[in-house]
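The tour goes from the whole chain to single residues, one selection at a time.

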Amino acid sequence: MLNAAKRIVQIEAGAVTLQAVLNDSQTACAVWEALPITGKANRWGDEIYFFVPLTLPEENPQELVAVGDIAYWPEGPALCLFFGPTPVSRGSEVRPASPVNVCGRIMGDATVLKTVRDGTPIKIRRPEGK
């Protein structure tokens, strides 16, 4: 298995480009193997999700996540990028629609995703040479 520190991905959504690191979960391994993944951004509060061609089981599902977390949503199936509260959050918590598998973390300021609108093409890929 690859060392998680080497699983750096690039996220491109409109004018926004971010880097993230995938963790060592089985979900993250499946995402890594499926790269590049493309889709269209769907906004849900301060979350972007997009449908992916993966069918994965729940793995340590979490009802609350942190700003900057990347997660797989088994009910979607979709990848989710969290950068603030969602419509079901209580206060400042970051709550997905239903439990998700956290599989990575955005490096840097995830709140730049606030500029991404519904329908914006989104791509997650390995950086050049990886």
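Buried means under 20% relative accessible area, exposed over 50%, and partly exposed in between, with a 1.4 Å probe and protein chains only as cover. By that rule, 48% of the 130 residues of the chain count as buried. This is a predicted model, in which local features need pLDDT of at least 70 and side-chain atom pairs count only at pLDDT 80 or more, while totals for chains, interfaces and linings use all residues. Residues are numbered from 1 along each chain as its sequence is written, and side-chain values use heavy atoms, with hydrogens and water left out.

**Whole chain**

Start with a cartoon of the entire chain. Helices (H or I, at least four residues) and strands (E, at least two) are DSSP runs, numbered from the N terminus. The chain has 1 helix and 9 strands, in the order β-β-α-β-β-β-β-β-β-β from the N terminus on.

Switch to the C-alpha trace, which spans about 40 × 35 × 25 Å along its principal axes. The radius of gyration, taken over C-alpha atoms, is compared with a globule rule of 2.2 Å times the number of residues to the power 0.38. For 130 residues, a compact globule would have a value near 14 Å, and the 13 Å of the chain agrees with that.

Contact means heavy atoms within 4.5 Å. Among contacts between residues at least 6 apart in sequence, 71% join residues at least 24 apart.

Now show the surface. Accessible areas come from the Shrake-Rupley method with a 1.4 Å probe, and for residues only the protein chains shown count as cover. The chain exposes about 6,300 Å², and carbon and sulfur atoms supply 52% of it.

Colour by charge next. Lys and Arg count as positive and Asp and Glu as negative, whereas His and the chain ends are not counted; each charge is placed at NZ of Lys, CZ of Arg, CG of Asp or CD of Glu. There are 13 positive and 14 negative side chains, and the centres of the two sets lie 6 Å apart.

**Helix α1**

Select residues 26-34, which form helix α1, and show the side chains of its buried residues: Thr 27, Ala 28, Cys 29, Val 31 and Trp 32. What covers these buried residues includes β1 (8-13), β2 (16-22), β3 (37-40), β6 (69-73), β7 (78-82) and β8 (101-107).

**Two cis peptide bonds**

The peptide bond that joins Leu 35 and Pro 36 is cis, with omega about 0°. Then go to Pro 77, in the loop between β6 and β7. Here the bond from Gly 76 to Pro 77 is cis, with omega near -15°.

**Aromatic cluster**

Select Tyr 49, Phe 51 and Trp 73, which ring pairs link into a cluster. Rings of Phe, Tyr and Trp (its six-membered ring) pair if their centres lie within 6.5 Å; planes under 30 degrees apart count as stacked, over 60 as edge-to-face and the rest as tilted. The structure holds 2 aromatic pairs. Tyr 49 and Phe 51 are edge-to-face, at 5.8 Å centre to centre with 90° between the planes. Tyr 49 and Trp 73 are also edge-to-face, at 6.1 Å centre to centre with 75° between the planes. Tyr 49 lies in strand β5 and Trp 73 in strand β6, so this pair ties together parts that are 24 residues apart in sequence.

**Loop between β5 and β6**

Pro 53 sits in this loop and counts as exposed, at 71% relative accessibility. Draw a distance from its C-alpha atom to that of Leu 79, 26 residues away along the chain: the separation is 10 Å. Asn 60 lies in the loop between β5 (47-51) and β6 too. Its phi is near 50°, a positive value in a residue other than glycine, and at 60% relative accessibility Asn 60 counts as exposed.

**Loop between β7 and β8**

Select Arg 95, which is in this loop. Arg 95 is buried, with a relative accessible area of 14%. Leaving aside neighbours within four places in sequence, Arg 95 is in contact with Trp 44, Glu 63, Leu 64, Thr 86, Val 88, Ser 89 and Arg 90.

End on Gly 91, found in the loop between β7 and β8. Gly 91 counts as exposed, at 65% relative accessibility.
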